[in-house]
Amino acid sequence: MEKIPDTHPRYNSLISRKKITQAMKKGIVHETGLIAHGRGEAFDYLLGEITIPQADIAEKIAAITMVCAKNPVISVNGNVVTLVSKDVISLAESIPAKIEVNLFHRTNSRIDKIITELVNFGAKNVYGKKADAKIPGLNHNRALCDKDGIFSADVVLVPLEDGDRCKALTDMGKTVIAIDLNPLSRTAQTASITIVDNVTRAISNIEKWVNKIKTFNRNDINNLIKKWHNKRNLSEITSYISKRLNSLF
Ligand code: ATP
């Protein structure tokens, strides 16, 4: 594949595309992962390809929620592992949280490839292979999960989720933190905490907050959690996008 010059104005976006297409050829990303990525890119364009203040606050609340959880789990798929393996592993260590592979188009070969990729990047223990439990209410392969991982988690971070599983996880009483560039998706609307940001910026920013909140006192943390209102934050995000679009021309 042709080398992308680092002076190209769309360098980051082109690098992500290159990674995703190469990972599809290796069998890590499913074909439909390319379409999901394209939808994400379109929404990132509308945001101006930056972490907007509403995303930053959601990332701060996500960090608090994960640090305070008893059994937090980061759920990953092919796209996430392709784009941000290192960031996911580093975040999981800093919380600490478990990492579990969960796939819509699940095959043993893809599960093995994704686990190997994470292990090559330094992950010590990756859940998802055993799949000895099922999320109730889902009749496809995404229901399969690990009893000691997602099934028993109190908080699950789900970058690039589908709406059905997000709802099924909240129906189980879990706190679901979603990373989704589309503020209108069912996932965004259903999650307890929705981070409307690119996973390539969001994971490392959550880790930045994990390190900062270690210096916060209990009162500060309680106040921040009390003030959190997911639907209000989403509504501010759609206003942000429409104001931005209206001011462009
Ligand atoms: P839902 O079922 O929640 O309504 P959907 O059917 O669109 O959503 P998918 O097709 O699984 O869900 O798409 C995954 C989502 O991931 C899309 O909404 C897309 O905006 C988002 N997405 C794709 N790439 C990224 C990325 N790099 N960072 C954050 N979000 C992303």
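Let's start with Pro 96, which lies in the loop between helix H4 (78-94) and strand S2 (98-101). When I say helix or strand, I mean DSSP runs numbered from the N terminus: H or I with at least four residues for helices, E with at least two for strands. The peptide bond that leads from Ile 95 into Pro 96 is cis, and its omega is near -10°.

Before we go on, a word on what we have on screen. This is a predicted model, where local features need pLDDT of at least 70 and side-chain atom pairs count only at pLDDT 80 or more, while totals for chains, interfaces and linings use all residues. Residues are numbered from 1 along each chain as its sequence is written, and side-chain values use heavy atoms, with hydrogens and water left out.

Ala 131 is found in the loop between strand S3 (126-127) and strand S4 (133-134). Its phi is positive, about 45°, although Ala 131 is not a glycine. Is Ala 131 buried or exposed? Ala 131 is buried, with a relative accessible area of 18%. For these labels, buried means under 20% relative accessible area, exposed means over 50%, and partly exposed is in between, with a 1.4 Å probe and protein chains only.

Leu 160 is partly exposed, at a relative accessible area of 29%.

Let's step from that loop to its neighbours. On one side, Val 156 lies in strand S6, and Val 156 is buried, with a relative accessible area of 0%. On the other, Cys 166 is found in helix H6, residues 163-171. Cys 166 is buried as well, with a relative accessible area of 0%. How many residues apart along the chain are Val 156 and Cys 166? They are 10 residues apart, and their C-alpha atoms are separated by 9.5 Å. For another pair, take Cys 166 and Asp 220: these are 54 residues apart along the chain, with 29 Å between the C-alpha atoms.

Glu 207 has its place in helix H8, residues 199-213, and Ala 63 has its place in helix H3, residues 53-68. In sequence Glu 207 and Ala 63 are 144 residues apart, yet in space they are 7.1 Å apart, C-alpha to C-alpha. Glu 207 is buried, with a relative accessible area of 17%, and Ala 63 is buried at 0%.

Now to the ligand. Where does the ligand sit? It sits in the largest pocket. A pocket here, on a 1 Å grid over the protein atoms alone, is an open set of points where a 1.4 Å probe fits, with protein on both sides within 12 Å along at least five of seven lines. A molecule sits in one if more than half of its atoms lie within 2 Å of its grid points.

Around the ligand there are 18 residues, and the closest are Arg 39, Gly 163, Arg 186, Thr 187 and Asn 198. A residue counts as near if one of its heavy atoms lies within 4 Å. By class, this shell has 5 nonpolar, 7 polar and 6 charged residues; Gly counts as polar in this scheme. Helix H2 (31-47) and helix H7 (186-190) each supply at least two residues of the shell. Which helix gives the most? That is H2, with 4 residues.

Finally, the individual contacts. A backbone N or O atom of Gly 163 lies 2.8 Å from an oxygen atom of the ligand. For Leu 181, a backbone N or O atom lies 3.2 Å from a nitrogen atom of the ligand. In the side chain of Arg 186, an N or O atom is 2.6 Å from a ligand oxygen atom. Taken alone, the ligand exposes 630 Å², and the protein buries 86% of that; these areas come from the Shrake-Rupley method with a 1.4 Å probe.

Notes:
Polar contact = N/O pair within 3.5 Å; in protein donor to acceptor, adjacent residues only side chain to side chain. 1 Å grid on protein atoms, 1.4 Å probe; cavity = no way out; pocket = protein on both sides within 12 Å on 5 of 7 lines; lining within 4 Å.
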